[in-house]
Amino acid sequence: MARDEVLRSIKEAEEKTGAKLEKARTDASNITSKARGKAADLISSGLQDAEAEAQSTIDEARDTANKRADAAR
């Protein structure tokens, strides 16, 4: 193989590698963005669930307190 052919092969390999690397970076960025979106949704859902559960507990406690107050009157 002549020197020019070797250099050309190396250059082609570097270009292919560069393209693969760029695609990998793009894929990684997309995966990260999707993961962040899912994480935000999970956090939001968890907060809503926690708030609903806390409100339910408060409502139950209020009902119990009202019943006891009515019974004491």
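**Figure 1. Residue E12 in helix 1 of the predicted model****.**

**Figure 2. A nonpolar surface patch formed by V6, L7 and I10****.** Together, these three residues make a patch of about 230 Å². One of them, V6, is located in helix 1, which comprises residues 3-72. V6 has a relative accessible area of 32% and is partly exposed.

**Figure 3. The salt bridge between D27 and K23****.** The structure holds 3 salt bridges, and in this one the closest N and O atoms are 2.9 Å apart. Side chains of opposite charge can pair when their charged atoms come close. D27 and K23 are 4 residues apart in helix 1, and therefore about one helical turn separates them. K23 is exposed, with a relative accessible area of 52%, whereas D27 is partly exposed at 32% relative accessibility.

**Figure 4. The salt bridge between D59 and R62****.** The N to O distance in this pair is 3.4 Å. Both residues lie in helix 1, 3 residues apart, which is about one turn of the helix. D59 is partly exposed, with a relative accessible area of 31%, and R62 is also partly exposed, at 45% relative accessibility.

**Figure 5. The salt bridge between D70 and R73****.** The side chains of D70 and R73 meet at 3.5 Å, N to O. R73 counts as exposed, with 78% relative accessibility.

Key: Residues numbered from 1 in each chain as written. Predicted model: local features only at pLDDT ≥ 70, side-chain atom pairs only at ≥ 80, totals over all residues. Heavy atoms only, no water. Patch = residues over 30% accessible without salt bridge, like charges linked within 9 Å, V, L, I, M, F, W, Y side chains within 5 Å. Areas by Shrake-Rupley, 256 points an atom, 1.4 Å probe, with all protein chains shown as cover. Salt bridge = Lys/Arg side-chain N within 4 Å of Asp/Glu carboxyl O. Helix = DSSP H or I, 4+ residues; strand = E, 2+ residues; numbered from the N terminus. Buried < 20%, exposed > 50% of the residue type's maximum accessible area, 1.4 Å probe, protein only.
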